[in-house]
Amino acid sequence: MDSSARGLPPGSWDAAGFWQVWQRFDAHGRGYIEEKELDAFLHQMSMKSGTDLAGVFLSEDENFLLLFRRESPLDSSVEFMQIWRQYDADGSGFLSAAELQDFLRDLFLHQKKAVSEGKLAEYTETMMRVFDKNKDGRLDLNDLARILALQENFLLQFKMDACSTEERRRDFEKIFAHYDVSQTGALEGPEVDGFVKDMMELVQPGIRGVDLDKFRESLLRHCDVNKDGKIQKSELALCLGLKANP
């Protein structure tokens, strides 16, 4: 940590300043600190204060903006895509600053935290600086996934080259049940989105919102046999060369 960081009194940093320190230890920009990096991070920070690390630098609201990711991580791409579709209001495949501000406003309301519109604008600007990695003034799917601390791809736990038909059928049943959140026997809306996102990221990590929409259309075109805008369990099984259990 540089000398200017050591000289600042507790509570005097904003979120952007805290993130600059974080990025010194997140050497590869992956959104997390590895164990060997975490040791150095904690050692230097504990020399400054024995309190909650983020609280040393951030106001209560900014602390919340960074730490709600740890406290309320998403474990489902379906839930993530519900959020994405809600706030990508114009369907552009990106979140503008205005759409991000709508997201943060609802987030504070949900947490019953009163934030003025002026402060909300400041936090929106901070979040754009922190999470807009390519600095194009808008957030992509991956940027929002970093904000929401989306958990590991559900499909990574399965062997794509399962040896037997029985293994493949068993895996298919688990996979379909995971994405069929509504338990209707068909994937629709964000359920299709979540499945497509996880499936495509197995071969193309960091899929963009506009690309996801293209893959989604392709999947529906090939699997939605009855053209109802949904993917029935039997339809997806047929696409994958399986016979689903009734």
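By about how much of a helical turn are Phe172 and Phe176 separated in helix α10?

1. Phe172 and Phe176 sit four residues apart in helix α10 (residues 165–179), so about one helical turn separates them. Their rings make a tilted aromatic pair, with 6.0 Å from centre to centre and 35° between the planes. Both Phe172 and Phe176 are buried.

2. Please keep in mind that this is a predicted model. The protein chain has an average pLDDT of 78, and 68% of the residues reach at least 70. Among the elements, helix α1 (residues 3–6) has the lowest mean pLDDT, 40, while strand β1 (residues 186–187) has the highest, 96. Residues 1–12 fall below 50, and this stretch has 15 contacts in the model beyond near neighbours in sequence. I would be careful here: where pLDDT is low, the predicted coordinates should not be read in detail.

3. Back to the rings: there are five aromatic pairs. Tyr87 and Phe103 form an edge-to-face pair, because their planes are at 80°, with the centres 5.4 Å apart. Tyr87 belongs to helix α6 (residues 77–87) and Phe103 to helix α7 (residues 97–110), so this pair ties together parts 16 residues apart in sequence. Tyr87 counts as buried at 11% relative accessibility, and Phe103 does too, at 5%.

4. Ring pairs also link Phe154, Tyr179 and Phe195 into a cluster. Phe154 turns up again in the lining of the largest cavity, along with residues including Asp75, His178 and Asp198. That cavity has a volume of about 40 Å³, and its lining comprises two nonpolar, five polar and three charged residues.

Methods: Residues are numbered from 1 along each chain as its sequence is written. This is a predicted model: local features need pLDDT of at least 70, side-chain atom pairs count only at pLDDT 80 or more; totals for chains, interfaces and linings use all residues. Side-chain values use heavy atoms; hydrogens and water are left out. On a 1 Å grid over the protein atoms alone, a cavity is a set of points where a 1.4 Å probe fits but cannot get out, and a pocket is an open set with protein on both sides within 12 Å along at least five of seven lines; lining residues have an atom within 4 Å of a point. Grid points are joined across faces, edges and corners, and a volume is the space filled by probe spheres set on the points. Ala, Val, Leu, Ile, Met, Phe, Trp, Tyr, Cys and Pro count as nonpolar, Asp, Glu, Lys and Arg as charged, and the others, Gly among them, as polar. pLDDT is the predictor's confidence in each residue, from 0 to 100. Helices (H or I, at least four residues) and strands (E, at least two) are DSSP runs, numbered from the N terminus. Contact means heavy atoms within 4.5 Å. Rings of Phe, Tyr and Trp (its six-membered ring) pair if their centres lie within 6.5 Å; planes under 30 degrees apart count as stacked, over 60 as edge-to-face and the rest as tilted. Buried means under 20% relative accessible area, exposed over 50%, partly exposed in between (1.4 Å probe, protein chains only).
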